[in-house]
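Come along while I look things up entry by entry.

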Amino acid sequence: MNERFFREALSDWMKGGGPEPDIVISSRVRIARNIRSHPFPLLATNQQAREVQDLVRQVVAADGQQQLGEYEFLSLDQLSDLQKRVLVEKHLISPALANESRGGAVILSANEAVSIMVNEEDHLRIQCLKPGFQLKETWELANRIDDWFESRLEYAYDEKKGYLTSCPTNVGTGIRASVMMHLPALVITQQMNRILNAITQVGLAVRGIYGEGSEATGNLFQVSNQITLGQTEEEIIDNLHNVTRQLMEHERAARHKLMQESRVRLLDRISRSYGILCHAAVIDSKEAAQRLSDVRLGVDLGLIQTVSPQMLNELTVVTQPGFLQMASGEKLTPEDRDIRRAEMIRQRLNPAR
Amino acid sequence: MLCQECGKRPATLHFTKIIGGEKTEFHICESCAREKGDMIPGTPNGFSIHNLLSGLLNFESAGGAKPTPPPRCENCGLTYSQFSKLGRFGCSSCYTYFADRLDPLFRRVHGNTVHVGKVPKRTGGLLKYKRELESMKRELQLRIEREEFEAAAQLRDRIRELERNLNEA
């Protein structure tokens, strides 16, 4: 098993930056598919879930190398709880696959840009990730992988309803496209609520970064399509693309306004956060996320020169509970975690000390 | 039914949690659900989409007498009332057995009832042509309305050709 998946916080694809990296952290497309002959994972027996895993394993064994490059097929039952948690924190698998799946597995490409979940809510969840604002490119990659599976597996498909999924919210295209955005200036200028309302009216949704039900910590928002039936894949991607562009413009305008009208206050806020991160001895995850968001804004506005955006991406992941535990090699109480978190942040932000 | 947590407010969320084949039913009110967010599967805190969906799915009980007993999927055995509690289908045949009741749900969730996107190459060769034909006919109509007759004539010829191919196939 490739230990790198669990040891390193930043996937290779995260290191590139990508277009518009000051606002859009990453682009993701997920495609939900099912095999016609088998009941959905909700009702499948252990035996049936096993068969689905074997079918997928056969396809991948035949020409996975050609399609995905180097890859690893990980059955969830060969992973420890901590390893699963780390994969969740890196967005490579969902909490549902980690906690509740039977016959669950994940296929990871070596650079972690492709992660294919088996027996999550649907038999197959093909997920592709790219850094920055690259929705169209991400869709093309996911679509190609879908074509490959489709040429080897009999999908559940209906002429009128399209791809049949376990949940009625995914039927049709089975596509969930999303962008993870850092929108601190819209939050500071209190425009977020108004914007969230507008977004839901055009069939999109906004969530915290760990998906459904999670809170938006550190001003990171995940914007995704809600509608999967009655629109083509291209329309869905275009729609999200255009709204993301608009959000980016609003965020840039708000940043500009803040710099013009309250530069000193902004500088004070950012510098204080930077100071706290450099020197704190104990910090909880919520405060860390908020302070890291301030520093990220400072970096993007050129107010802080000594920190790289990559470092911030890495810190966002390594300060999560699973990662802290993994790095320390022992079980940590919440208090221990807050101490370890502060230590890790200090080490990375002041490498010279 | 009263909320099983506080026993005071009426239960508005009803859902079933299945872990490793063990089934537990919950009937709780919204504020207890918010507090006890971690008991809802798949979400560390807060509601999952399935719980919200069951609210949408239970609309049949809203008015009058029930005409026919709710259907059951003969392939996987899931009943419609189980589906409306779980918010999820058991297999692809559920879509057929529950077909009569699904369009209102899809309309509420997606605002649409018909797929217009990707067609699998292997199973849907002919369907792909049909889709193309439909979209060309829509465009033809548009061109005629805009009085772009030259473009319309070209489209009409392509449509005829495609229809000929389809008939031969």
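This is a predicted model: local features need pLDDT of at least 70, side-chain atom pairs count only at pLDDT 80 or more; totals for chains, interfaces and linings use all residues.

Which residues does B:Y129 touch, not counting those up to four places away in sequence? I looked and found B:L162 and B:L166.

**Entry 1: around B:Y129.** I placed B:Y129 in helix 6 of chain B, which covers residues 125–145.

**Entry 2: a record for chain B.** I turned to UniProt, where an unreviewed entry puts the feature "domain: UVR" at residues 130–165 of chain B. I then looked at residues 130–165 of chain B in the model: the span is 92% helix and 0% strand. Its end C-alpha atoms lie 11 Å apart.

**Entry 3: where the chains meet.** How many residues of chain B are in contact with chain A? I noted 41, and they meet 45 residues of chain A. The area buried between chain B and chain A comes to about 3,800 Å², with carbon and sulfur atoms giving 58% of that. I wrote down three names here: B:H110, B:H115 and B:K118 supply 20% of the area that chain B buries against chain A, more than any other three residues.

Entry 4: I have 4 salt bridges listed between chain B and chain A. B:K118 turns up again, in a salt bridge with A:D146 whose closest N and O atoms are 2.6 Å apart. On chain B's side, the elements giving two or more residues are helix 2 (49–57), helix 3 (80–86), helix 5 (99–110) and helix 6. Helix 5 of chain B gives the most, with 5 residues. By class, I see 19 nonpolar, 15 polar and 7 charged residues on the side of chain B that touches chain A.

**Entry 5: a helix in chain A.** Which residues are buried in helix 3 of chain A, residues 81–89? My list reads A:Q83, A:K84, A:V86, A:L87, A:V88 and A:E89. Among the elements of chain A that cover these buried residues, I noted helix 1 (4–7), strand 3 (105–109) and helix 12 (321–328). Just after this helix, A:H91 takes a positive phi of about 65°.

Notes
Residues are numbered from 1 along each chain as its sequence is written. Chains are lettered from A and ligands numbered from 1 in the order in which they are written. Side-chain values use heavy atoms; hydrogens and water are left out. Helices (H or I, at least four residues) and strands (E, at least two) are DSSP runs, numbered from the N terminus. Contact means heavy atoms within 4.5 Å. Buried means under 20% relative accessible area, exposed over 50%, partly exposed in between (1.4 Å probe, protein chains only). UniProt positions are given in the numbering used here, feature names are shortened, and annotations may be inferred rather than shown by experiment. Buried area is the accessible area (1.4 Å probe) that two parts lose on being put together, summed over both. A salt bridge is a side-chain nitrogen of Lys or Arg within 4 Å of a carboxyl oxygen of Asp or Glu. Ala, Val, Leu, Ile, Met, Phe, Trp, Tyr, Cys and Pro count as nonpolar, Asp, Glu, Lys and Arg as charged, and the others, Gly among them, as polar.
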